[in-house]
Amino acid sequence: MGIGYSLVCKKCGYSRNLFAGCGMMYNEVLREKTEEAKQGKHGQRLKELFEQYPNGCIDAMNNIYYCPECRAVECESSLDFYRPKDAGRGSEDDHFGPDMDEFELVESHAHICRKCGKPMKEVMRLTDSEPVDCPECGEALESGHMLMWD
């Protein structure tokens, strides 16, 4: 399942489309992000977690993140790391689309702003969360069109 937002600033005209979720591409995205994480492309910490918990998995769902410092808005994979509740469980195929009831969160991935280097926070829903400010002028962005897909 996925959701798309169109953000618009009424003051300066800034606009941005963001698409959270993965829809039917989730397993493919999960395979790609898992391999990248194991190679250290998403930081040393995720690589170490996969070495420590070889049957672990990550959440590859795209989420929206906001930097309160510089007001940057990004859409990135969650990359939170999970391990099986039963340590003996799992095979290579279990990493792709696991039953999350059988896994527990080990560590939430820290998203760092590419623009200013400060921590970003996840925005749950742009329509009913606290306002996200325009990266250009600082006014609150309005969520225009919204779409959902699978």
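In what order do the three strands of the open sheet lie, and is the pairing parallel or antiparallel? I looked this up first in the model, which is a predicted one.

**Entry: the open sheet.** I read the strand order as β3-β6-β7, with antiparallel pairing. I then checked the edges: these are β3, residues 57–58, and β7, residues 103–107, and each of them pairs on one side only. For the contact between β3 and β6, I noted that β6 covers residues 81–84 and that two bridges join this antiparallel pair. I looked up the partner of C57 and found Y82 in β6. As a reminder to myself, strands of a sheet pair through backbone hydrogen bonds, either parallel or antiparallel.

Entry: I turned next to β4 and β5. β4 takes in residues 62–66, and β5 takes in residues 73–77. The two strands run antiparallel and are joined by five bridges. I picked out I64 and found that its bridge partner in β5 is C75. I recorded the pair as a hairpin, with six residues between the strands.

**Entry: positive phi in the loops.** Which residue in the turn of the hairpin has a positive phi? I found R71, at about 70 degrees, and R71 is not a glycine. I placed R71 in the loop between β4 and β5. I put R71 down as partly exposed because its relative accessible area is 25%, which lies between the limits of 20% and 50%.

I found another such case in L79, a residue other than glycine with phi near 65 degrees. L79 belongs to the loop between β5 and β6. Is L79 buried or exposed? I have L79 as buried, because its relative accessibility is 5% and the limit for buried is under 20%.

**Entry: N63.** I went back to β4 for N63, which is found in that strand. The relative accessible area of N63 is 13%, so I list N63 as buried. Which side chain makes a polar contact with the side chain of N63? I found E122, at 3.5 Å. I also listed the contacts of N63, leaving aside neighbours within four places in sequence: A20, E74, C75, E76, S78 and E122.

Notes: Residues are numbered from 1 along each chain as its sequence is written. This is a predicted model: local features need pLDDT of at least 70, side-chain atom pairs count only at pLDDT 80 or more; totals for chains, interfaces and linings use all residues. Side-chain values use heavy atoms; hydrogens and water are left out. Helices (H or I, at least four residues) and strands (E, at least two) are DSSP runs, numbered from the N terminus. Buried means under 20% relative accessible area, exposed over 50%, partly exposed in between (1.4 Å probe, protein chains only). A polar contact is a pair of N or O atoms within 3.5 Å; within protein, one must be able to donate a hydrogen and the other to accept it, and residues adjacent in sequence count only if both atoms are side-chain atoms. Contact means heavy atoms within 4.5 Å. Two strands pair if DSSP finds at least two bridges between them.
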